2 protein chains.
Amino acid sequence: MGKLFVVGVGPGGIDLISERGVLAIKKSNLICGYKRYVELITDLINGKEIFTNSMKGEMERVKFAINRAKRGDTVSLVCGGDASLYSLASLVFEMSDGFENIEVIPGITAAMAASAKLGAPICEDIVFLSLSDLLTPWKVIEKRVDAINFGDFVTAIYNPRSKKRKDYLKFVLEKFYQERGDLICGVVKNCEREDEEVKIWRISEFEYDFVDMSTIIIVGNTKTYLENDKMITPRGYLDKYKEFNVQSSGFKV
Amino acid sequence: MGKLFVVGVGPGGIDLISERGVLAIKKSNLICGYKRYVELITDLINGKEIFTNSMKGEMERVKFAINRAKRGDTVSLVCGGDASLYSLASLVFEMSDGFENIEVIPGITAAMAASAKLGAPICEDIVFLSLSDLLTPWKVIEKRVDAINFGDFVTAIYNPRSKKRKDYLKFVLEKFYQERGDLICGVVKNCEREDEEVKIWRISEFEYDFVDMSTIIIVGNTKTYLENDKMITPRGYLDKYKEFNVQSSGFKV
């Protein structure tokens, strides 16, 4: 019987894939993926059969992967970031049509990798929000923006801006500004790739033209601050424990 | 000069750590961490100096790690899951006191790993919510629960229930029930560890006594459904594209 791995390969560099993900890819005779993600793992897939297609080819790609696994192949469907979040695991189950030998291997999602570049803006409760209205109606997205303001959540924004959706990001950040003031925004373009760029701006100084679909934006909550060019959302330890003593409990293994 | 790595080691099994994380740990002469997480990576740290302490020892642990890095050691501060989310990266920056040679290495957070066990409940916009009021006031958590209802978010609940906070989870799920009906809850205890247990319940049949602090709960949104014991939040592809044809663009590398 064939097997289908749905593998989250992380945001970019091969060294952020888990060992379990690497092994699944090595075990597979067929690799399916969006062209750009497959290119990121070229070193891992030398000599294997490859099926790539473009954005919006997700259903074709998933159907192809499932059909081949049904016919006995060991297939890895590679996904950028995590295998589930804004990714293909759910479509795989929706289209599996009785095929059950599916294993989802989680990965490091882009926002966690971006957070590591910015300092530690992700720390406590957070919302992951996509601004693509291709699959989610804009009315739902708008409601969620209001919900984020109400809960004063840190927000990781995926798919922030395409040619067709030029002004959505501005709309969202202005909504944040109205309710919560001039929040700090961490901006990471091409995270973990060769041409990575990192910026930290207040909403009021945000350069919208910098942003494309390969950019992740992490907007802090009202407690997030900037120190030594690092964006930090405090977890609350320093407020809670005003005094503490270090008593080493270290030992040698 | 010393160096401090803040390493997200994932939820459990060593094979979900990234290669970058493994290399950082191998390079380090001192490993600091919460006892339980350090035990998970025993195979990686043989022969190294270890500093462990208990929960609520976070500030002591971080201070120790920073001080030793300042004195020239290469230190890995290991964190369960990701290095930032509900974790120690922000406290490290808050306490760094001028020490700058800090590298955060992201990890797979428990909710992504739990999602992979349950099917694909995490798929689109999601809230990560901790029910611990040790560091976040309960009033803020309550407000966020209302925000989640308003935005109909999928929710990953961390720290759901301790001896002192027995009824918080019930309160939250009942709030969800009132506003959004009998949502599906995926429950993963000891995710990726030997004694892992996976349950899927509706809110109305939820067994609260099963839950402890090592349990992650993923509550679906109003679109989440159950099929073949898998919890699936649809991303919307099937609604969007009613028909499609598979035209293979596969090629051999």
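Strand β7 (residues 126-130) of chain A lines up with strand β7 (residues 126-130) of chain B, and the two pair in the antiparallel sense over 3 bridges. Strands here are DSSP runs of E with at least two residues, helices are runs of H or I with at least four residues, and both are numbered from the N terminus; two strands pair if DSSP finds at least two bridges between them. Within this pairing, F128(A) sits opposite I126(B) in β7(B). The model is a predicted one: local features need pLDDT of at least 70, side-chain atom pairs count only at pLDDT 80 or more, and totals for chains, interfaces and linings use all residues. Residues are numbered from 1 along each chain as its sequence is written, chains are lettered from A and ligands numbered from 1 in the order in which they are written, and side-chain values use heavy atoms, with hydrogens and water left out.

Now for the interface as a whole. Contact (heavy atoms within 4.5 Å) brings together 92 residues of chain A and 92 residues of chain B. The buried area, meaning the accessible area (1.4 Å probe) that two parts lose on being put together, summed over both, comes to about 8300 Å² between chain A and chain B, with carbon and sulfur atoms giving 61% of that. There are also 24 residue pairs in polar contact across the interface, both residues being at pLDDT 80 or more. A polar contact is a pair of N or O atoms within 3.5 Å; within protein, one must be able to donate a hydrogen and the other to accept it, and residues adjacent in sequence count only if both atoms are side-chain atoms. On the side of chain A that touches chain B, helix α6 (residues 138-151) of chain A supplies the largest share, 7 residues. That side divides into 44 nonpolar, 25 polar and 23 charged residues.

Salt bridges come next: a side-chain nitrogen of Lys or Arg within 4 Å of a carboxyl oxygen of Asp or Glu. The whole structure has 30 of them over all chains, and the count between chain A and chain B is 8. One salt bridge links E124(B) and R144(A), N to O at 2.7 Å. E124(B) lies in the loop between β6 (119-120) and β7 of chain B, while R144(A) is in helix α6 of chain A, so the pair joins two chains. Both E124(B) and R144(A) are buried, where buried means under 20% relative accessible area, exposed over 50%, and partly exposed in between (1.4 Å probe, protein chains only). E192(A) and R20(B) form another salt bridge, with the closest N and O atoms 2.6 Å apart. These two also belong to a network of salt bridges with D15(A), K117(A) and E196(A).

Chain A has an open sheet too, with 3 strands in the order β6-β13-β12 and mixed pairing. β6 (119-120) and β12 (225-227) of chain A stand at the edges with a single partner strand each, so one side of each has no neighbour in the sheet. β6(A) pairs with strand β13 (residues 230-232) of chain A in the parallel sense over 2 bridges, and A120(A) stands opposite I232(A) in β13(A).

Terms used
Nonpolar A, V, L, I, M, F, W, Y, C, P; charged D, E, K, R; others polar.
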